[in-house]
Structures are given as C-alpha cells and as structure tokens.
Amino acid sequence: MTVRVLVVDDQDLFRAGFGLILGAQPDITVVGEAADGLEAIDKAIALTPDVVVMDVRMPRLDGVAATHRICAETSAKVLVLTMFDLDEYVFDALRAGASGFLLKDVRREELVDAVRVVAAGEALLAPSVTRRLIAELTDRGRPQPELARRLDELTERERDTLRQLARGLSNAEVAAVLTVSEHTVKTHVSSVLAKLGLRDRVQAVVFAYEAGLVRPGVAPEVA
C-alpha cells in the first residue's frame with residue numbers, strides 16, 4: 001500500500017526537504033504541500049492524504065488548530081514536527097488528535113519510519129515529548145471524575161491493557177506483561193479505543209492519566 005502524504009510547513013526549505021526525503025521512498029507519495037494551517041485544511045480535504053506532516057508555528061492558522069480540524073473532518077493521521085522539544089503546544093496538539101510528535105532534527109530514517117507507523121494506525125512520540133506529556137498530565141492534578149466513571153465501560157483485562165499502554169509499551173511488550181498473545185492485545189486495544197471513543201494510542205495514554213487509572217512514578221498493577 002502506498003502512503004499518501006501532505007507536507008505542511010511555513011518554511012520552504014523544510015517543506016522541500018521533507019518532501020524529497022519522503023517522496024524518495026517506494027511506498028510513500030507526497031500528494032501536496034501547504035504553507036499554513038488554513039491551506040493545510042483545504043488540501044487535506046481535497047487531496048485525502050493518509051498522513052499529514054504538520055508544523056506547529058505557522059501564520060494565519062497554527063498547526064494545533066489545523067490538526068483539530070483535519071482530524072475532525074477527514075480520516076488523515078497527523079504527524080506533528082516542531083523545532084522545540086518543550087513546545088507549549090505539545091499537549092494541545094495531542095489532544096487535538098495528532099498521532100505522533102517528533103522534533104525536526106530527527107534523522108531521515110526516523111521521519112520515514114514515523115510516517116509509516118502513523119499511517120498504520122499506531123502512535124509515535126519522541127522520548128522528550130513523552131516526558132513532557134507525563135509532566136503536563138501530572139501538573140493537572142486530580143483525576144477527572146467524569147473520565148474515571150467511563151472506565152466502568154471496560155472489562156478488567158481491557159483496563160490492564162490500558163494501564164500498560166500508558167507505560168508506553170508496544171503490543172508485543174503488553175502481551176509479555178499480561179501473558180497473552182499479541183493478537184489478543186490488539187483486540188483489547190481496539191476495544192478500548194472504540195468504547196472510550198478515542199482516536200489512537202496517544203489519546204488512550206492521555207485518558208489513562210486524566211481518569212486516574214495510572215499515576216506518574218507508580219508502576220501499574222496487573223489484575
């Protein structure tokens with residue numbers, strides 16, 4: 001399957017560079033470019049890309065607002081790239097529906113792999129971004145009761161799976177912890193996302209912390 005990509009950045013050199021790197025891959029096609037958030041929304045609707053590689057700080061409309069619109073109005077996945085590992089927009093971009101968040105200084109191989117991972121429906125976060133996300137969730141204080149109540153919709157095994165996702169484990173690693181098959185984990189993950197109305201694993205991690213299912217610095221228990 002060929003992955004269709006839209007590259008969004010207000011800097012010509014970045015757009016051209018990302019386009020050349022991605023377009024050189026046999027399984028990736030760059031279907032268009034955009035220089036700001038408004039243009040990104042229009043082209044995402046018109047060109048139906050599988051993945052949108054999105055800058056954050058842009059004129060007219062920033063990448064966070066554009067991500068929210070694109071995720072709400074199209075089936076495209078959004079991979080956010082930024083110059084700043086402590087960008088104040090990290091958390092908002094993930095809440096808006098972004099499936100991945102990387103720094104612009106990633107190696108070309110990492111960028112290509114990230115696009116493939118996000119296109120496959122997985123989530124991807126740079127380590128520094130993961131640390132910031134957890135710190136942000138910690139700063140928000142007490143769990144949100146309305147989210148905690150929604151955990152009752154999950155089976156005990158689905159809760160166990162969500163706890164391990166919040167640790168950043170892959171399906172294979174979750175399978176090893178829970179002593180089940182990887183196929184079973186995939187089934188549980190799909191069920192968790194569907195029951196909670198979540199787009200992907202990143203939003204599942206956010207939900208787990210905000211609902212109080214896991215706490216930073218405390219290893220999750222397995223029922």
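Student: What covers the buried residues of α2?

Tutor: This is a predicted model, so every answer here is about computed positions. The cover over the buried residues of α2 includes β1, β2, β3 and α3 (63-73).

Student: Which residues of α2 are buried?

Tutor: Helix α2 spans residues 37-47, and G37, A40, I41 and A44 are buried in it. Look down the axis of α2: the buried residues fall within an arc of 100°, so they line one face of the helix.

Student: Which exposed residues does the face of α2 turned away from its buried side carry?

Tutor: That face carries D42 and A46, both exposed.

Student: How many residues of strand β1 are buried?

Tutor: Five of the six residues in β1, which runs over residues 3-8, are buried, and the strand is mostly covered.

Student: In which sense do β1 and β2 pair, parallel or antiparallel?

Tutor: To read a pairing, find the bridges and follow the direction of each strand. Strand β2 covers residues 28-34 and pairs with β1 in the parallel sense, over six bridges. One place to check is V3, whose bridge partner in β2 is I28. Strand β3, residues 51-55, also runs parallel to β1, and four bridges join the two. There, V8 has M54 of β3 as its bridge partner.

Student: Which handedness does the unit of β1, helix α1 and β2 have, right or left?

Tutor: Trace the chain from β1 through α1 (residues 12-23) to β2: this β-α-β unit is right-handed.

Student: Which residues of helix α9 are buried?

Tutor: In α9, residues 171-178, the buried residues are N171, V174, A175 and L178. They cover an arc of only 105° around the axis, which puts them on the same side of α9. They pack against α8 (156-166), α10 (182-196) and α11 (201-210). After α9 comes T179, which has a positive phi, near 50°.

Student: Why look for nonpolar residues that are buried together?

Tutor: In soluble globular proteins, nonpolar side chains tend to be buried together. Here the largest nonpolar core has 24 residues, and L151, L162, L196 and F207 touch the most other members. The elements that give two or more residues to this core are α8, α9, α10 and α11. Another core, of 23 residues, lies apart from it and has M58, I70, A96 and V202 among its members.

Student: Which residues does F207 touch, not counting those up to four places away in sequence?

Tutor: On that count, F207 touches L147, R150, L151, L162, L196 and L198.

Student: Is T187 buried, partly exposed or exposed, and what is its relative accessible area?

Tutor: T187 belongs to helix α10. Its relative accessible area is 43%, so T187 is partly exposed. Although T187 and E158 are 29 residues apart along the chain, their C-alpha atoms are separated by 9.3 Å.

Student: What percentage of the contacts between residues at least 6 apart in sequence join residues at least 24 apart?

Tutor: For the chain, 68% of those contacts do.

Student: How many helices and strands does the chain have, and what percentage of its residues are buried?

Tutor: The chain has 11 helices and six strands. Of its 223 residues, 48% are buried. The chain exposes about 10600 Å², with 52% of that supplied by carbon and sulfur atoms.

Definitions and conventions: Residues are numbered from 1 along each chain as its sequence is written. This is a predicted model: local features need pLDDT of at least 70, side-chain atom pairs count only at pLDDT 80 or more; totals for chains, interfaces and linings use all residues. Side-chain values use heavy atoms; hydrogens and water are left out. Buried means under 20% relative accessible area, exposed over 50%, partly exposed in between (1.4 Å probe, protein chains only). Two strands pair if DSSP finds at least two bridges between them. A crossover is right-handed if, with the strands pointing away from the viewer, the path from the first strand over the helix to the second runs clockwise. The arc is that of the directions from the helix axis to the C-beta atoms. Contact means heavy atoms within 4.5 Å. Accessible areas come from the Shrake-Rupley method with a 1.4 Å probe; for residues, only the protein chains shown count as cover. A nonpolar core is a set of buried Ala, Val, Leu, Ile, Met, Phe, Trp, Tyr and Cys residues joined through side-chain atoms within 4.5 Å.
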